[in-house]
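Here is a short note to read beside the model. Keep the structure open and check each point as you go.

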Amino acid sequence: MGLVHFWSEGDAITRLVAALLLLMSVSAWVLILWKSWLLRRVRADLARAVPAFWAAPDLATARTQLQTFDREAALVPLLDAGLQSARGGTLEAAGARASQLTRRLRDALHGVLMQLQFGQVLLASIGATAPFIGLFGTVWGIYHALLGIAAAGNLSIDRISGPVGEALVMTAAGLAVAIPAVLAYNVFGKLVGACEAELEGFAHDLREMLLDDASAPRPGTERG
C-alpha cells in the first residue's frame with residue numbers, strides 16, 4: 001500500500017522520476033541478459049574456431065571452419081579483411097603490402113570490438129545517474145509531502161513519517177537500478193577485454209601468415 005499511496009499522492013514530477021527509474025531498470029536488465037548470452041557465445045566460439053582455423057589444410061577450408069564455429073561473426077570479418085585487395089589507383093594500393101594488411105585488419109578488428117562493446121555506454125550511464133535521479137525523487141517527494149502536510153494544518157510525527165518514508169523509497173530504487181548496471185559494466189568490460197586479446201592475437205598471426213604466403217617464392221620461380 002505504501003508504493004500505491006506514494007504513486008497516487010505524487011505529482012507529475014514524482015511519477016516521471018519513478019517511470020524513468022523503471023525504464024532504466026528494464027533497459028539495464030535487458031542489456032545484462034543479452035550481453036551475458038552474447039559474450040558467452042563469443043568466448044565459446046573463439047575457443048573452438050581459432051584452433052579449427054589453424055588445423056585446416058588451406059585457407060578455403062579454414063574459412064569454412066570459421067563460418068561453422070564463428071556464430072557471432074567475430075573472426076570471419078578479420079579473415080575477409082586480410083584476403084581483400086586494395087583498389088587500384090588509390091593511396092591504399094600505393095602503400096606496402098604489410099601496411100595495407102595492417103590497416104585492413106585494424107579496421108576490421110575495431111568493427112568487431114564495437115559490436116562486442118555495444119551497450120556498455122548505456123550501462124555506465126545508468127550506473128552513474130540512477131542514484132542521483134532516485135535522490136532527486138526523494139527530495140521532491142519530501143518537499144511535496146511537506147507542502148501537503150502544511151496545507152492540511154495537522155503537523156505530527158505520524159503525518160510526517162509516512163510520506164517521508166515513502167519518498168525515501170526513491171533513493172533505494174535508484175540504488176537498486178544502479179548497482180546491477182555498475183557490476184555488469186565491470187564484468188562485461190573484463191570479458192570484452194579477454195575477447196579483444198584473443199582477437200588481436202588471431203589478427204597478428206593471420207597477418208604474419210598472409211605476409212609469409214605473399215613473400216614465399218612461387219613454383220618455378222626459384223633461382224638455382
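1. Start with a term. A salt bridge is a side-chain nitrogen of Lys or Arg within 4 Å of a carboxyl oxygen of Asp or Glu. Side chains of opposite charge can pair when their charged atoms come close. A search of the whole structure finds five salt bridges. Please bear in mind that this is a predicted model.

2. Next, the overall make-up. The chain has eight helices and zero strands. Read from the N terminus, the order of elements is α-α-α-α-α-α-α-α. The chain has 224 residues, and 32% of them count as buried.

3. Look at helix H2. How many residues does H2 have? The count is 44, and H2 reaches 64 Å from its first C-alpha to its last. That is close to the 64 Å expected at 1.5 Å a residue. Even so, H2 has a kink of about 25 degrees, centred on Leu46.

4. Stay on H2 for its surface. Leu22, Val26 and Val30 make a nonpolar patch of about 280 Å². Val30 sits in H2, which covers residues 12–55. Is Val30 buried or exposed? Val30 has 52% relative accessibility, and the cut-off for exposed is over 50%, so Val30 counts as exposed.

5. Asp45 pairs with Arg48, and their closest N and O atoms are 3.4 Å apart. Both residues are in H2, three residues apart, or about one turn of the helix. Asp45 is buried, at 1% relative accessible area. Arg48 is partly exposed, at 40%.

6. Another salt bridge links two helices. Arg63 and Asp80 bring their closest N and O atoms to 2.9 Å. Arg63 is in H3 (residues 59–69) and Asp80 is in H4 (residues 76–83), so the pair ties together parts 17 residues apart in sequence. Arg63 is partly exposed, with a relative accessible area of 25%. Asp80 is also partly exposed, at 27% relative accessibility.

7. Finally, Arg207 and Glu208. Their side chains meet in a salt bridge at 2.9 Å, N to O. Arg207 is partly exposed at 21% relative accessibility, and Glu208 is partly exposed at 30%. Elsewhere, salt bridges that share partners join Asp45, Arg48 and Arg71 into one network.

Terms used:
Residues numbered from 1 in each chain as written. Predicted model: local features only at pLDDT ≥ 70, side-chain atom pairs only at ≥ 80, totals over all residues. Heavy atoms only, no water. Patch = residues over 30% accessible without salt bridge, like charges linked within 9 Å, V, L, I, M, F, W, Y side chains within 5 Å. Areas by Shrake-Rupley, 256 points an atom, 1.4 Å probe, with all protein chains shown as cover. Helix = DSSP H or I, 4+ residues; strand = E, 2+ residues; numbered from the N terminus. Buried < 20%, exposed > 50% of the residue type's maximum accessible area, 1.4 Å probe, protein only. Expected span 1.5 Å × (residues − 1). Bend = angle between axes of the 7 residues up to and from the residue.
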